[in-house]
Amino acid sequence: MANERVKIKVGSVEVEFEGEGEFARSGALDILKEVIRLAPDASWPVFERDRRAGTLGVVDAATPNRDLTIATIAAHFDPKGTQDLIQCALAKLQIVDGANQATKDEIWECIKGATGYFKSSMNRNFPRDLGRMVKSKKVNEVASGTYSLTALTRKELEAMVADIG
């Protein structure tokens, strides 16, 4: 049987271990139950199995709708230009889809799905605006051509996505 790796972090408590599938899952559950017993008043996250990676991960309890499209996100965000659409795309890719980061091409392809907001002329400004977002600390360039939301921007966008009914 293949080994599974389990990591649980709640506030300042972090538990990580690896073992055979059933052992890792049941051991993680036992430890989580004990942590909850010791801190019953804490606000606990919701856990969900990542369908793509086959691993257990934390899902923000405030964002139950994991099937939002970029068009829906854009409609609620009301983007005024390319930079706003980049934020909508990264919200879709990272917050809704669960990706840790996205390439420039993935962001561009996602933006094109924002019907009613996307304009083909944005292609001219896209690389420049992405660079401006890095300089303004809204987006991090984690590798050449690969980006992720900064912690502050992600927190703001998580709240916005959570408000979408």
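I started at Ala102, which stands opposite Tyr147 in E7. Two bridges join E5 to E7, and the two run antiparallel. I take strands as DSSP runs of E with at least two residues and helices as runs of H or I with at least four, numbered from the N terminus. Two strands pair if DSSP finds at least two bridges between them.

A note on ground rules: this is a predicted model, where local features need pLDDT of at least 70, side-chain atom pairs count only at pLDDT 80 or more, and totals for chains, interfaces and linings use all residues. Residues are numbered from 1 along each chain as its sequence is written, and side-chain values use heavy atoms, with hydrogens and water left out.

**The sheet.** I read the strand order as E5-E7-E6, an open sheet of three strands with antiparallel pairing. Strand E5 (102-103) and E6 are the edges; each has a single partner strand, so one side of each lacks a neighbour in the sheet.

**The core.** Of its 30 residues, Ile73, Ile86, Leu90, Ile107, Ile111, Phe126 and Val161 touch the most other members. Helix H2 (70-77), H3, H4, H5, E7 and H6 each supply at least two residues of this core. H3 gives the largest share, nine residues.

Next I checked Leu90. Setting aside residues up to four places away in sequence, Leu90 touches Ile95, Ala102, Ile107, Val139, Tyr147 and Leu149. Contact here is heavy atoms within 4.5 Å.

**Helix H5.** How far apart are the end C-alpha atoms of H5? They are 19 Å apart; the 14 residues (122-135) should span 20 Å at 1.5 Å a residue, so the two agree. The expected span is 1.5 Å times one less than the number of residues. I also found a bend of about 30 degrees at Arg128, taken as the angle between axes fitted to the seven residues ending there and the seven starting there.

I list Met122, Phe126, Asp129, Leu130 and Met133 as the buried residues of H5. Buried is under 20% relative accessible area, exposed over 50%, partly exposed in between (1.4 Å probe, protein chains only). The buried set packs against helix H3 (82-96), helix H4 (104-111), strand E6 (139-143) and strand E7 (146-149). After H5 comes Lys137, with a positive phi near 65 degrees.

**Thr150.** I found Thr150 in the loop between E7 and helix H6 (151-162). Is Thr150 buried or exposed? Its relative accessibility is 8%, so Thr150 counts as buried. Leaving aside neighbours within four places in sequence, Thr150 contacts Lys137, Lys138, Val139 and Asn140.

Note on methods:
A nonpolar core is a set of buried Ala, Val, Leu, Ile, Met, Phe, Trp, Tyr and Cys residues joined through side-chain atoms within 4.5 Å.
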